[in-house]
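Please look at the sequence and the model first.

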Amino acid sequence: MFRYLFSRFECENTPRNFQKEIKIMENHGDHSHLQQRKKRRLVLFPLPLQGHINPMLQLASILYHKAGFSITIIHTNFNSPNSSNYPHFSFRSIPDGLSETEASTADIIAFDMLLNVKCAVPFQDCLAELLGGGGGDDDVACLITDAVWYFTQAVADSLKLPRIVLRTSNVCSFNAFAAIPLLYEKGCLPMQDFQFETPVLEIPPLRYKDIPIIETHDPENLNRFLKDMVKQTKVSSGIIWNSFQELDELAMTNLKQEFPIPNFPIGPFHKYFPASSSSLLAQDQTSISWLHKQPPKSVIYVSFGSITGVNETEFQEIAWGLANSKLPFLWVVRPGLVCGTEWLEPLPKNFLEMLDGRGQIVKWAPQQEVLAHSSVGVFWTHNGWNSTLESICEGVPMICQPCFGDQLVNARYVCDVWRFGLRLEKKVERGEIERAIRRVILEAEGQKMRERIMILKDKMDTCLKTGGSSYQSLESLINYIMSF
Ligand code: UDX
């Protein structure tokens with residue numbers, strides 16, 4: 001079974017081309033009248049994990065380029081972003097007080113809760129100093145924090161500063177998280193094995209096995225964590241979503257009944273830019289030169305994001321499943337993906353030589369460019385929200401192997417609601433992998449998936465253009481912030 005783990009990343013990425021970024025921004029609709037307004041500063045506080053840092057820094061760039069806000073990023077020492085990639089932002093580091101052991105725990109809920117305790121005082125001090133004039137000449141309009149930073153609502157209240165929440169996942173999975181405490185109260189959780197396939201009436205179309213449970217050493221912790229996150233989101237001044245109206249329509253209607261605060265689905269964030277700029281690891285560009293040599297829509301791109309890990313047996317099943325498919329593959333094997341190993345030691349002997357160039361393994365890929373490449377035919381993913389959205393944006397069908405949390409919800413929607421993916425069950429087995437790959441790349445079923453995902457991709461393209469849903473939502477957000 002897949003599991004998750006995370007670690008301290010070293011920033012290795014290289015500076016990017018800012019002129020190119022600004023040019024792309026200008027081409028995405030005209031918000032220039034908004035830039036005439038008085039200069040205001042926004043203070044943003046990302047959660048220090050790759051899947052959360054990316055959307056927060058993308059949001060910062062959107063608000064900087066589209067509305068001319070000045071930007072201050074407060075960040076922890078742990079996984080601090082590479083500030084040299086953002087010379088136009090100011091960065092403030094706060095001590096997180098995490099020991100090496102605390103920073104490398106596999107218990108993500110305990111980790112998030114600990115951060116909420118340890119960062120409270122340093123964050124309050126830093127924000128108070130910024131409000132006292134330490135942030136530059138312009139005044140601070142509001143605070144934008146990741147929803148997981150629930151302690152920041154009390155800090156914002158005490159400093160009389162509006163707080164807007166960035167929810168880095170989609171609305172469907174947020175509704176599912178919000179329902180978990182209720183399901184505990186009703187006695188429906190913890191779930192029994194026999195319930196796995198039973199529909200959850202409170203959050204259709206999910207089944208019990210899709211409930212975004214995250215394992216933690218004390219199950220009561222998850223309940224407490226979610227209650228705090230939901231409560232402090234509900235009393236915030238609004239929620240920004242890295243999603244778009246057409247994708248999350250029904251879930252948004254349901255959400256508004258429970259959360260009658262302003263909602264701004266302005267995504268997909270990364271499509272405002274040429275490529276991701278906030279990678280904590282160096283992206284191996286040989287991925288792209290290798291893809292250039294492959295036939296159109298033939299390649300299986302495999303990546304399980306920045307946290308998920310596998311054991312040695314699973315790793316070998318993945319390797320054989322890929323090899324036996326006889327199709328080309330690009331596989332991201334993060335150092336430490338297989339717990340207790342450095343990198344590729346558990347690979348079968350002479351594996352890559354045996355494939356004669358049909359397989360390419362990298363430590364970290366330029367994922368958005370990879371997915372946009374015409375040779376990629378399918379994305380075998382853990383369904384982290386960024387990966388799922390990036391795949392939709394490029395019209396690439398998915399093989400879904402969710403591990404925990406929102407990934408379970410995303411996979412259900414990809415396979416059963418939007419219907420452009422196939423789900424692999426938790427046991428990783430080479431025969432099943434080979435069959436799934438062949439179904440998506442070679443069979444009519446895969447072609448149908450490709451057609452369906454292209455329809456959604458077209459809607460996404462439209463939503464960012466002048467008058468589109470995300471365009472309008474961004475305009476409302478900017479006006480809202482300016483009204484503070
Ligand atoms: C975490 C959680 O696991 C996920 O469920 C949640 O939705 C967000 O936070 P992570 O597991 O890292 O995220 O996955 P994902 O959300 O997909 O984000 C990974 C990001 O890293 C993506 O933006 C992707 O483009 C990038 N990436 C991934 C690379 O740049 N290169 C790679 O090789 C792999």
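V148 counts as buried, at 4% relative accessibility. Buried here means under 20% relative accessible area, exposed means over 50%, and partly exposed lies in between (1.4 Å probe, protein chains only). The model is predicted: local features need pLDDT of at least 70, side-chain atom pairs count only at pLDDT 80 or more, and totals for chains, interfaces and linings use all residues. Residues are numbered from 1 along each chain as its sequence is written, and side-chain values use heavy atoms, with hydrogens and water left out.

**Around V148**

V148 sits in the loop between β5 (140–146) and α6 (152–158). Helices (H or I, at least four residues) and strands (E, at least two) are DSSP runs, numbered from the N terminus. Which residues does V148 touch, not counting residues up to four places away in sequence? They are L47, H52, D112, N116, R167, F225 and M229. Contact means heavy atoms within 4.5 Å. Take M229: 81 residues separate it from V148 in sequence, yet the two C-alpha atoms are 6.0 Å apart in space.

**Two domains**

The domain assignment gives domain 1 (33–267 + 464–482) and domain 2 (286–461). Such bounds come from an automatic or database domain assignment. The contact draws 30 residues from domain 1 and 24 residues from domain 2. Between the C-alpha centres of the two domains the distance is 28 Å.

The size of an interface is often given as the accessible area lost when the parts come together. Between domain 1 and domain 2 the buried area is about 2,300 Å², and carbon and sulfur atoms give 63% of this area. Buried area is the accessible area (1.4 Å probe) that two parts lose on being put together, summed over both.

Six residue pairs are in polar contact across the interface of domain 1 and domain 2 (both at pLDDT 80 or more). A polar contact is a pair of N or O atoms within 3.5 Å; within protein, one must be able to donate a hydrogen and the other to accept it, and residues adjacent in sequence count only if both atoms are side-chain atoms. On the side of domain 1 that touches domain 2, the elements giving two or more residues are α2 (50–67) and α7 (171–185). By class, this side of domain 1 has 16 nonpolar, nine polar and five charged residues. Ala, Val, Leu, Ile, Met, Phe, Trp, Tyr, Cys and Pro count as nonpolar; Asp, Glu, Lys and Arg as charged; the others, Gly among them, as polar.

**Salt bridges**

Side chains of opposite charge can pair when their charged atoms come close. The structure holds 15 salt bridges. Each is a side-chain nitrogen of Lys or Arg within 4 Å of a carboxyl oxygen of Asp or Glu. Two salt bridges are counted between domain 1 and domain 2. The table lists some of the pairs in the structure.

| Pair | N to O distance |
|---|---|
| R423 and D210 | 3.4 Å |
| K457 and D461 | 3.5 Å |
| K234 and E258 | 3.6 Å |
| D218 and R224 | 3.9 Å |

D210, R412, D416 and R423 are linked in a network of salt bridges.

K234 and E258 form a salt bridge. K234 lies in helix α8 (residues 219–234) and E258 in helix α9 (residues 249–258), so the pair ties together parts that are 24 residues apart in sequence. K234 is partly exposed, at 33%.

K457 and D461 both lie in helix α17 (residues 444–463), four residues apart, about one turn of the helix. Is K457 buried or exposed? K457 counts as buried, at 15% relative accessibility. D461 is partly exposed, at 27%.
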